[in-house]
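Please look over the following notes with the model open beside you.

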Amino acid sequence: MTSIAVPDQPPEEQPGTGLRADAERNRDRILAAARRLFAAEGLGVSMAAVAREAGVGKATLSRRFATRDELINAVFADRMDGYVTAVAQALADPDPWHGFTGYIHAVCAMQAADRGFADVLTMTFPAAKALEARRTEAYNGFLALIDRAKDSGHLRADFTSQDLVILLMANAGVVGATGDAAPDTWQRLVAHMLRSYAAPGAPLPPLPDAPRPTALYRAMVRLDRPRTS
């Protein structure tokens, strides 16, 4: 018996076939394009720009990812897994202060490596349930890190979890501002902040060299240029 396609449905969505190979390829292309654009430019990239980068139409993008939050959830699922893993590794460190400082540096390094992830860590996406669940898991682990570091006597008693949010916001700003003009600037910011979190007598992390004035000047020139989407 000859099969008949159901009218008004795209070929890749025909019932009984599941997600066909061409649909899978489209999804992979969209995710790859979104990763590239988000990593380079942050989450300000438009959905239209993602569709163009992927070489698909807006309708195809909408079929695969009905909302922006769905796309962000899919793109950053592995990054959020790494975020949670970083907490677990820090909690396993027998030295609570070393685990705390190591975690802060690791998360800020994740931001530096991916501007989109830098944004993700300072924003919320209520519709991205899986992503937000992993964020909550990481946050609860960080609360335990704070308690351990304070109990060791090395973390200031007035440090709160909100201070991490402030640091991540500041670091995201530095990463976005310096780009490839002065890409290691974030490390000096993080070292200064970790030193400010230390209680008297705590081992202080080394302070990286300041960026060269010419590098910062290039970053400032870069900021003055209008961004295109």
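**Notes on the core and the fold**

1. The largest nonpolar core has 55 residues, and F100, Y103 and I104 have the most contacts inside it. A nonpolar core here is a set of buried Ala, Val, Leu, Ile, Met, Phe, Trp, Tyr and Cys residues joined through side-chain atoms within 4.5 Å. Buried means under 20% relative accessible area, exposed over 50%, and partly exposed in between (1.4 Å probe, protein chains only).

2. This is a predicted model: local features need pLDDT of at least 70, side-chain atom pairs count only at pLDDT 80 or more, and totals for chains, interfaces and linings use all residues. Residues are numbered from 1 along each chain as its sequence is written, and side-chain values use heavy atoms, with hydrogens and water left out.

3. Neighbours within four places in sequence aside, I104 is in contact (heavy atoms within 4.5 Å) with F142, L164, L167, V190 and L194.

4. The chain contains 11 helices and 0 strands. Both are DSSP runs numbered from the N terminus: helices are H or I with at least four residues, strands are E with at least two.

5. Of the 229 residues in the chain, 39% are buried. Among contacts between residues at least 6 apart in sequence, 67% join residues at least 24 apart.

6. Apart from neighbours within four places in sequence, E132 is in contact with T124 and F125.
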